[in-house]
Amino acid sequence: MRLSMLMSLIRPTGPIIVGISLGFTLSLLSVTWVDESCDSNWTGATAEMLLAQPPGSLKGARKPSSISTGTTDNGNIEGEFEPRIVPYNKPAQQDPPKKVFRSHKGSCQSRINFSNLNYEQLPQHVNNHQHTARYASTELGIREHLFVAVFTSKTTLGTLAVAINRTLKNHLDGRLIFFTPTRNRKLPHGMFVVAHEEERPVPNMFQSIRYLLEHHIAEYDWFYIAQDDTYTQPQRLKTLVSHLSMDLLLYMGLPGEFIGGETQGKYCHGGPGFLLSRALLLKLQPFLDHCRTDIVSVRPDEWLGRCIIDYTGTSCVDEYEGLNYHSFSSFNLDLLTVENDGFQNAITVHPVTSAELMYRLHKQFSEIELQRTYEEIEKLQSEIKNVSEMAVDGNRSALWPIGIPPPLEPKSRFEVLRWDYFTEEHLFSCVDGAPKCQLIGADRDDVSDVIRVAVEELNKKYNPIVQMSAPRLVNGYRRFDHTRGMEYTLDLQLQAVSESGHQKSIARRVHLVRPLSQLEIIPMPYVTEATRVHVLLPLNSYESQVALRFLDHCSSNLFETGENAVLNLLFIYEPAEAQKVSAGDVFADVKAKVAAIEHRYPSVKVSWISIKTESSGVLRILDIVSRKHPVDTLFLLVTADTILNSEFLNRCRMNAISGRQAFFPIHFQDFDPRVANPDQAPPVSPDLVREAGHFDRNVFEEACFYNSDYMSSRTQMAGDLQENEELLENLDLYDMFVQYSGLHVFRAVEPALRQAYRNQTCDPRLNEDVFHRCLQSTVEARGSRSQLAMLIFEQEQSNST
């Protein structure tokens, strides 16, 4: 009885007990028994025990932190890799770390072009700083891929060198410079030229290699050297370099035999160009001076080849692991009719006798590469079609067009993209809000182009059965999808002609997409957040009380935080007010507030300028201020309602670029609290929502710009000013920069720049356009349409009762 009860209790857990026992048994059998621990680097008592073991007691065991790569003849394991522990030594001094200012390099701005399958990235140069890195890429050791150096002369600098610059520079993901033996007074625009003032070819080559080692060896992985009579196909050169490892000791070009001497190996001819790796140049660097004195040669390419072979043991090759350096000789051949593989696959062509031939070669090779790209696109599209047939939905799973991202799927009604209607003469969605406008300029060219492409594609589909001609646009629709490009839907009336000559008017609806494919990174100059900002505040007499509130905000946001900013007040007196300054200054309260601030903050100095004028034009006021500051001064023009903070000041420093860009931010304007919050008190810090306010695009009063850019713009304006003396009053600062500066005027919403609502009146002395914008801004600041409609509805309800 008891035995049966015991068996009934054990039976359910029996398999578990057997499994655990079997697992322990197998694990003990698989353990390698040793007399000593695996780790011989322990400390303390454990280390003393290990030292007492015999040296050969670890033959049967492998350290758990090692990788076995084989055994020696004695059976010992070799090739073990152990982790190396790097101790952290705390620095002796506890000085606060120095702030590092980094540039937003490479993410400056993007320009999107409607071109298919062509990606270009302009060079991003990495500059080393003596103490702190300007760029994150410098700290991470990231280098650019390709550096191109071209040897030119005084006679060919303006012809062949210019042709190379135009055909090569904009297609490289790197840097292009020109070496010349003599200094030219007049250099071509847009070229970086280094003059060594050394006429002899070999010393000129020596100076150039030394220049590369001193200035660019830390920034690039590969160095391509060529002459100015060599055409280089940029895409093929980039493809070759992209498949080569950056750590190779590689000397690649067209090999040649040395003339005389006992040098073993081959050198690379300078005419067709050659590649040098960074690792090879670094290995050659200690011996470069020895090469200058020990090696005697007339030809610079042969001298460099002897130097590389003697001190690095690297010979010139034209092939490495299946990658070939092809060069084509142009002697006694009509280049544009050559159909052989040598010309079709050439990376360089040498010699090129004229700039015209350089451009013809570039056109010919560009057509070859374009045709190869189209063939590759067709091949990829066919592969996508074949793969899509294996999907559940078959060919329906393949998106149209093949290889283009799918259309945007809106998550709410606010994300629905708008279709714009157009005809061949008119556009029914105009920039100024008009219901109908003339189709002109780029819009007209765009419509003509899509109609032409639509007819070509229809003829490709129906030829030779039917030939389409005489297209007439009945209806046109287009929308811009930022995920894929511009989409078109066209209703076309066409004249169809059959093979037998019969004609018939038919209607067809076609869909087209102009994809976004070419993204071009525009390099911008180095800017830093350490630049001092000079804040300019023009004040009229009716703004005195508002200026007191502005100074309170400056005290808490600028002076207490120690911002690198200087406040300049511009007191604008009318003639009648200027005569009464001694009896009663209209800006007395403001000046007293400034004195109190300077007493509270001894390191702060608020300067002011008193200006007597009958004109309200901002340009006349800025003319006076500009003469009192250096040309490299960064100005920030504000109003009395502007609330400054560190975030906006930093964006002002980053977006205003001397000689390149002026910044006009769009501030967030709060609505009238009586309209936005009629039945409750307004919140202390309202959120940036559409019920609280809007970004006022009618106001151009805040601006960030450099004094040098303002002075150059005023110089360009001088000619028109002689014909129209009222131009200073009719133009505001924004219009002047747009019309006369030649800068990129950057206009963008600024969430850190916010203005509280204030019932203000527009100065009737302003010109018509500025006065109209002021009235429009005042009206839109009242409230949103829904809020105003609700206010009118409630008022009508109260009147009816």
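A search of the whole structure finds 30 salt bridges. The structure is a predicted model, and the stops below begin with individual pairs.

**Stop 1: a pair within one helix.** Select helix α11, residues 355–388, and display the side chains of Arg-372 and Glu-369, which meet in a salt bridge at 3.6 Å, N to O. The two residues are 3 apart in this helix, which means that about one helical turn separates them. Arg-372 is partly exposed, its relative accessible area being 33%, whereas Glu-369 counts as buried at 18%.

**Stop 2: a pair between two helices.** Next, select Arg-714 and Asp-623, whose side chains form a salt bridge of 2.8 Å, N to O. Arg-714 belongs to helix α19 (residues 707–716) and Asp-623 to helix α16 (residues 618–627), so the pair ties together parts that are 91 residues apart in sequence. Both ends count as buried: Arg-714 has a relative accessibility of 16%, and Asp-623 has a relative accessible area of 14%.

Stop 3: Move to Asp-672 and Arg-674, where a salt bridge joins the side chains at 3.0 Å, N to O. Asp-672 is buried, with a relative accessible area of 4%, while Arg-674 is exposed at 59% relative accessibility.

**Stop 4: a network.** Select Asp-443, Asp-446, Asp-449, Arg-452, Glu-456, Arg-478 and Arg-514 together; salt bridges link these residues in a network.

**Stop 5: strand β11.** Select residues 274–277, which make up strand β11. Which way do the side chains point? Phe-274 and Leu-276 point one way, Leu-275 and Ser-277 point the other way, and all are buried.

**Stop 6: the largest cavity.** The model contains 2 cavities of 30 Å³ or more, and the largest holds about 110 Å³ of space. To outline the largest cavity, select its lining residues: Asp-641, Gln-669, Asp-696, Gln-755, Ala-756, Tyr-757, Arg-758, Asn-759, Gln-760, Ser-777, Thr-778 and Ala-781. Colouring this selection by class shows 3 nonpolar, 6 polar and 3 charged residues.

Notes: Residues numbered from 1 in each chain as written. Predicted model: local features only at pLDDT ≥ 70, side-chain atom pairs only at ≥ 80, totals over all residues. Heavy atoms only, no water. 1 Å grid on protein atoms, 1.4 Å probe; cavity = no way out; pocket = protein on both sides within 12 Å on 5 of 7 lines; lining within 4 Å. Points joined across faces, edges and corners; volume = space filled by probe spheres on them. Nonpolar A, V, L, I, M, F, W, Y, C, P; charged D, E, K, R; others polar. Buried < 20%, exposed > 50% of the residue type's maximum accessible area, 1.4 Å probe, protein only. Helix = DSSP H or I, 4+ residues; strand = E, 2+ residues; numbered from the N terminus. Salt bridge = Lys/Arg side-chain N within 4 Å of Asp/Glu carboxyl O.
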